[in-house]
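Colleague: I'm new to this one. Could you walk me through how to read it?

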Amino acid sequence: MKRQIPLAIAFICGIGMIIQFFIPHPVSQRTYQEALQWQIIVGIFMAIIAIRSLFVVHIDKIKRKKEGWGYSFITLFAVLFTAFVGIRIGIGEDSLFSHLYAYIMVPMQSTMFSLLAFYMASAAYRAFKARTAQATLLLVVALIVMFGRVPIGEKVAPWLPAFIEWILMYPNMAAQRGILLGVGLGMIATSLKIILGIERGYLGGG
Amino acid sequence: MNFLEKMMNIDRRWIYLLVGICVLVPLIRPVGLPTSLTPYTKALFDYIDKIPADGPAVLISFDFDPSTAPELQPMAQSILRHCFSKDINVMCLGLMPTYIGMIDIALSSVKDEYGAVSGEDFVFLPYVPGVTAVMLSMGESIVNTFGRDYYGIPLDSLSMMQHIRNYDDVALVVSISGSAMPQSWAVLVGTTYHVKVGVGTTAVSAAEYYSWLQTGQFIGMLGGLKGAAEYENLIESKGYTIEGFRKVATKGMDAQSFVHILMIVLIIIGNIAFFSLRKKSRQI
């Protein structure tokens, strides 16, 4: 039953929503609106499960004094403190909650992402080599696009932006569209497999 | 060890130092190189420019967090400036908890410049879990989806929301994102509810969206810091900015120019050293 009930729910909901899409009747529309509300409510419960999971993992780390357990302590403290500030003191402009975001979250995330520029420069220097014909093509196009997408490149070669637009609009788009079609077909196939109970990975347990 | 061998084994900290210099120097002493206008930036600007004052709203979906903010926040702020200066109603939405803070920062820095008032000129929608469910639910009723605005005021009591029920009253959705969120807007909202969708994205993601632009699923696109700089130039040239307007993206373009040149030079040096050493080792 632990497997049959979720499979039945997935089948009924999946088929039901497909049929509903093609029926422009008030009852069908109400069902659709109700389903959307349910989906939002399920999303809220997912957040509760995620928070529980976060606490279970980090409390276990602290209890067992695993390597880096201090960071787990900081994580849990940050979660509880932010929640306390948001719920008890309130949110809004110039609130402590928005200051926590602006002066802690923003600098931390920006710093982490900014470091990428340094690593990318070093990695490009060491790894971006014209070893094969394909790699050479990629390298040459990348250099042209990098040079032409900045003002200094436009100044040196005024024809470059138009050429780059051509690269993006034709060779790039042809490849992207192929990928998109593949992804789209894959999504349809996977959705059908889930609705029909062939793909059961979401039930857990392999 | 000759020069090329030295170059191949250069300490990465020298590269970090060069990148640091190339970013910092132009930010401290801007060069002010001009940025050309791409057709997709112009298309988005023109579309917003034609929206009537106090008519259908522009929904700006802040689909990014601080990690991509240097590229995307200037876009959001420029679009807000454009809308506020033309009295176009704006709804700001964040579909993830970390996106909400970006709206707060953008509105705080822009609304006072134009005297924009919450509930009259803009509505700050709160976070509601369920990304795609929220997108679709807004097509039925925006008030029912959110209930209250970010500040806790019931949406149906706001004057701006008296004539905005669902996507029928939205002239344009602009998804500013460093992820695949604009695709969801185009597929779920653009196709289902026939709303025009525009996109602002990071330079890395811009290449993905050319096929969407060609089909008309996106009416325009701001690609990376360059797109943001172009939009800044457009709103300034049309007189939609206040005196002393800081063109953040335009200043950033100088730094990006120098870093791109550095990367190109490093890649070329790296390749020359690699092939010279390979040739030498084959001869031995």
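Modeller: Some ground rules to begin with. This is a predicted model, where local features need pLDDT of at least 70, side-chain atom pairs count only at pLDDT 80 or more, and totals for chains, interfaces and linings use all residues. Residues are numbered from 1 along each chain as its sequence is written, while chains are lettered from A and ligands numbered from 1 in the order in which they are written.

Colleague: How many helices and strands are there in chain A?

Modeller: Helices (H or I, at least four residues) and strands (E, at least two) are DSSP runs, numbered from the N terminus. Chain A has seven helices and zero strands, so to speak α-α-α-α-α-α-α along the sequence.

Colleague: At what angle do H2(A) and H3(A) pack?

Modeller: Axes are lines fitted to C-alpha atoms, for helices over the stretch in contact, and angles run from 0 to 180 degrees between N-to-C directions. Helix H2 (residues 26-63) and helix H3 (residues 69-89) of chain A pack at about 140°, their axes 8 Å apart. H2(A) and H3(A) are therefore oblique to each other (under 35 degrees is roughly parallel, over 145 roughly antiparallel, 65 to 115 roughly perpendicular, the rest oblique). Residues making this contact (C-beta atoms, placed from the backbone, within 7 Å) include A:Leu54 and A:Phe55 of H2(A) and A:Trp69 and A:Phe73 of H3(A).

Colleague: Into which domains is chain A divided?

Modeller: Domain bounds come from an automatic or database domain assignment. For chain A, that gives domain 1 (1-89) and domain 2 (129-206), with 32 Å between their C-alpha centres. Seven residues of domain 1 of chain A are in contact with four of domain 2 of chain A.

Colleague: How many residues does each chain bring to the contact of chain B with chain A?

Modeller: Chain B brings 47 residues and chain A brings 45 residues. On the chain B side, H12(B) gives the most, with 14 residues.

Definitions and conventions. Two residues are in contact if their C-beta atoms, placed from the backbone, lie within 7 Å.
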